[in-house]
Amino acid sequence: MVETNDRPILRATRLARRFPVGEGVWALKRADLTIARGAFVLVTGPSGCGKTTLLNLLGGLDRPTRGDVEVGGVLFSKLNESGLARLRRREIGFVFQFFNLLADLTAAENVELPMRMVGLRKAEAAKRTTELLEAVGMSHRARHTPFELSGGEQQRVAVARALANQPSIVLADEPTGNLDSKNSAEIMELFKRFNRGTGQTFVIVSHAPGFADYADHVVHMKDGEITGIDHRGGGRG
Amino acid sequence: MMDFVNGAFRLLGSVVRALSPKNVARTVRELPLYTPLALRSVRRRLLRYLLVGLCLGAGIIVFLALSAAFRGTALNVAGRTEDLVLPADVVALDLGPGSVGSAEALGWVSQAGTYELFDRWQCETSLGTRWAIGLADDSGLWQAAGVGDRPGPGEVLVPESLAQACSLAPGDVVKIGVVAGLGFTGGEFRVRGVFGGEVARDALLGEALLLRLPDVLSLRAELGAAPVGPGGEVEPNAVAVRERDAGDRRRLIGRVREIFPGATLWWPELPSDRAYRAVGGFLSPGNVILALVFVMAGLGVFNVMLLTLLQRKVQLGVLKALGSLDEEVFLLLLLEGSFTAAGGTALGLVGGALLVRFVDRTSIVPLSVTTSSVAWALVLAIVSFLLAAWLPATLCRRATPIQLMAGRRLYLNPRSTCAQCGRCGGF
């Protein structure tokens, strides 16, 4: 068992995922992980080591072949697809490598959508959207569609969207993988700022070694297994 | 096979669940969120979604035009066809075994109309093989057929055309009987007169020799050429029924068929019956063609909806990752298709009506769009749209967020064994 803290918000137990390709491929062989509330965790390792698979399982985007995930005391295995979706709405925010903003919507609408999904009234959602876009420095681009934004700008909007419902956990899969070094640093600073300011838990997958400085804990992975964890205690920023 | 049956039951179950009051209420609650999303999506993919509307619209236009053409042609043919002339509304011939005592069985007819028994016998005569019809003295068929001069005992009436062909005159003798062995056995009947005009066109009496019923029955009994009941009685083998009030003929036919299941039934067909037979039967060629129109339209809708889904896997996966329920994504896809489908349906109805009216100006058959054809077009358009959109939307509903976001193949059966096999290729 690899633990980052003794006040867990997220716990993975004997997590494994096998993909039914040919004879079957074990993308994640076994992962035991406990992440504390308010932690800033970086998951790192070589390409193909199972980082993204682990993140998808932690976020309930995929079902494990073995093992279980517990978020805020709720076991994923006890939830059906609808229950899992409802939990994702409120408790988990996602940031993806390719931003994945909805192309049909403007920046503001992208941020507003998760709030509307949980039943927030339009006026309240609009107010919070403005605050979030200001917080990520994108209020001047609120009415622009993703096609009219640069990669860095799109990722800022994606960060605002991930934080829309004030989730307990934000999961980011290679959030800087498509950005230059300046934008990458800005995004990491943004994550760190929200982590410090709101006490939300951040789990970031990246193979960029430089980002370890931001993290409280660095989880190392290799060949579908967690090989170790560094406790850094505070990190940069 | 079991997988298919299971899949069919699951599909049925999902339809029933989707229509449950709880789900309908939730769908209505979600409409304000997903309708603008769907509208935005349609606007961005307008040309593609226009194809959905065009498929249905074209289907409706072809349906209305074809149904008008089939109906017009049937009515035209019905108008040009002469009715079968019969002296009764329903005639049952060769009542078959067990028909003796049929007078009791026919007692119910007195409620619906009148009936009479008569005899129809294919016999050998000196004029060749002929039908001999034996009618009672008080038979209504004499009057119904317009025969004024009735034959007396031992007399026969012959058709005018036959009398001319054989140079028969009143007083001449006609032999009626059967061929037994090498010889002829029968009786002799004197020609009372001839009949022609309207009666000559009668399908039942037209070319037959008309005699008194007792004469025919006694001759047949004598020759052993008649069905005999348990008591040795010989009964007529045909029934003519006339309905009291017009419009109850179908019921009358049904009852006669019930009483004499082996009998051959004749009745003058109404023009509407002929038109119905041409286009109205459930599996009539016309209806099969009309149904195929919507099968083709449905395939068009299916292709467009599937293409739209497959090109937006990532976007739909993101929606699910953000917390959209499977049912909400399903609703979104159906909504997107339904906007242009509704537009296409309206366009099709107007276009179909205009086309039929335009063609009617130069057509030799009367063309018109009926209320029932519009109703059928609407029902078939809605059903074909729902069936065509259901599969792509179900594929999306069943896929996991990561399956969509990673652009993996989608299978109707969400079990991993399906993906492992992958022989069908998925979507």
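Six helices and eleven strands make up the secondary structure of chain A. Bear in mind as you look around that this is a predicted model.

**Chain A**
- Chain A has 237 residues, and 49% of them are buried.
- If you take the contacts in chain A between residues at least 6 apart in sequence, 69% join residues at least 24 apart.

**Where chain B touches chain A**
- On the chain B side, 20 residues are in contact with 20 residues of chain A.
- Four elements of chain B each give two or more residues to this side: helix H2 (21–44), helix H12 (313–322), helix H15 (401–405) and helix H16 (416–421).
- H12(B) supplies the largest share of the side of chain B that touches chain A, with six residues.
- By class, the residues on this side of chain B are nine nonpolar, seven polar and four charged.

**A helix pair in chain B**
- Helix H3 (residues 46–80) of chain B packs with helix H13 (residues 326–362) of chain B at an angle of about 30°, and their axes are 7 Å apart.
- Because angles under 35 degrees count as roughly parallel, H3(B) is described as roughly parallel to H13(B).
- The crossing in which H3(B) passes H13(B) is right-handed.
- The contact of H3(B) with H13(B) brings together 17 nonpolar, eleven polar and one charged residues.

Note on methods: Residues numbered from 1 in each chain as written. Chains lettered and ligands numbered in written order. Predicted model: local features only at pLDDT ≥ 70, side-chain atom pairs only at ≥ 80, totals over all residues. Contact = placed C-beta atoms within 7 Å. Nonpolar A, V, L, I, M, F, W, Y, C, P; charged D, E, K, R; others polar. Axes fitted to C-alpha atoms, helices over the stretch in contact; angles between N-to-C directions. Parallel < 35°, antiparallel > 145°, perpendicular 65-115°, else oblique. Left-handed = near helix turned anticlockwise from the far one by under 90°. Buried ≥ 20, exposed ≤ 12 C-beta atoms within 10 Å, placed from the backbone.
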